Amino acid sequence: MIPIMSSAPLSTATPISLPVRKIPGSYGFPLLGPLWDRLDYNWFQKLPDFFSKRVEKYNSTVFRTNVPPCFPFFLGVNPNVVAVLDVKSFAHLFDMEIVEKANVLVGDFMPSVVYTGDMRVCAYLDTSEPKHTQIKNFSLDILKRSSKTWVPTLVKELDTLFGTFESDLSKSKSASLLPALQKFLFNFFSLTFLGADPSASPEIANSGFAYLDAWLAIQLAPTVSIGVLQPLEEIFVHSFSYPYFLVRGGYEKLIKFVKSEAKEVLTRAQTDFQLTEQEAIHNLLFILGFNAFGGFTIFLPTLLGNLGDEKNAEMQEKLRKEVREKVGTNQENLSFESVKEMELVQSFVYESLRLSPPVPSQYARARKDFMLSSHDSVYEIKKGELLCGYQPLVMKDPKVFDEPEKFMLERFTKEKGKELLNYLFWSNGPQTGRPTESNKQCAAKDAVTLTASLIVAYIFQKYDSVSFSSGSLTSVKKAC
């Protein structure tokens, strides 16, 4: 392992010994180059090979390429990016002095604001915009206030979730994770983040998570692979944006739910943070849908899947032993403070995030000309160029992580593991960073890792062993 920079762009000392290199790669011929790269990205090579093969081709973790969406029906989108695929170059994406984040959440493509009440929500704002400060501080305040009820609400909802799983297992050989997980996530985040109880509306209680699912999917469809048989996916999913009216009914019901059941939060947004009611509603729904519900919908099945089955008995034994030693089997002992003492449980969560970050790609646009440093070279970046980092590849940087392809339970333990947290990126910044109004780091960064740790701890309080396979829970052995 070699020492590298954290989130600082380029010190005056480090690059002196590194050669300045022209950025390799190209964007190809107009129209044809982006189209060919789009087909490689979504079809011929797919991720992560699209990026890893180009790293090999150019013998560089920094290069020029195109990322979708693009031609023929995205004429206003520029697919040209500079890929940054090692930890050192990737860290530049989070230095707000040299990059800006306006409208680049998913690249140069931005879903229509009609999906968010005809306004740009916080995720699309740069830190230089005053509205970003208001909304980010509002989000941080909500998280602080909700911490009082977070853990008991989580335990209660987990009781319901695993009760559903056990009921399903009693009827068949497996319990599918996703449907029950999504309902659990919607209920939990509505209660904690919004202070709104979905049970107040039978329709929202039963279908609220499905409305969020559809609303997210239709916005992001041009940028993600959904596993449809090619070339049908390229023709019908990646070639144009779908109209808002397809999800308008569900989204308007969610607006009504927030307006009627989250009155305290909405009032505080207006009186303490000078947001309008509409600004508060649409930002709350975006945070609820994209950041919380959407992020955990991707991450939680991966986290549980990493617990594995009987082949992972040794790992489960280590986790169970630590949980029982720290909190026993009494759920009342679960707290943010107690899981902070569970080094192995937290390392398990960090390693899951390292290998499978919920948001795989990060983007930033150069705010000015600057020199970007990788491990072995320095490159000139021009103002306005779009940088793209593919985190699942970045987080396998062999110059930072030993045996990077391997899941190592104890990777983030002891002093060496704590040092590695400086280079763990999944939250729009390093794990050791602190979300503030002056950066774009996820406001709930710490809440995510602590919540995931609480879920793992809950499981090993309740069960001696569990088995997960192919997106399903296949068996549980209750604690004696």
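Reply: In this predicted model, strands β9 and β10 (residues 472-478) pair in the antiparallel sense over 6 bridges. Strands of a sheet are joined by backbone hydrogen bonds, in either a parallel or an antiparallel way.

The two strands belong to an open sheet of 3 strands, ordered β4-β10-β9, and the pairing in it is antiparallel. Its edges are formed by β4 (175-176) and β9 (463-469), each of which pairs on one side only. Helix α4, residues 130-171, packs on this sheet and touches β4, β9 and β10. The direction of α4 makes about 100° with that of β10.

Next comes helix α16. This helix covers residues 445-462, and strand β9 covers 463-469. From its first C-alpha to its last, α16 reaches 26 Å with 18 residues, close to the 26 Å expected at 1.5 Å a residue. The helix is mostly covered, with 16 of its 18 residues buried.

The loop between α15 (414-420) and α16 holds Cys442. In the UniProt record, an unreviewed entry, the annotation "binding site" covers Cys442. Leaving aside residues up to four places away in sequence, Cys442 touches Ser427, Asn428 and Pro435.

Conventions:
Residues are numbered from 1 along each chain as its sequence is written. This is a predicted model: local features need pLDDT of at least 70, side-chain atom pairs count only at pLDDT 80 or more; totals for chains, interfaces and linings use all residues. Side-chain values use heavy atoms; hydrogens and water are left out. UniProt positions are given in the numbering used here, feature names are shortened, and annotations may be inferred rather than shown by experiment. Helices (H or I, at least four residues) and strands (E, at least two) are DSSP runs, numbered from the N terminus. Contact means heavy atoms within 4.5 Å. Two strands pair if DSSP finds at least two bridges between them. Axes are lines fitted to C-alpha atoms, for helices over the stretch in contact, and angles run from 0 to 180 degrees between N-to-C directions. The expected span of a helix is 1.5 Å times one less than its number of residues. Buried means under 20% relative accessible area, exposed over 50%, partly exposed in between (1.4 Å probe, protein chains only).
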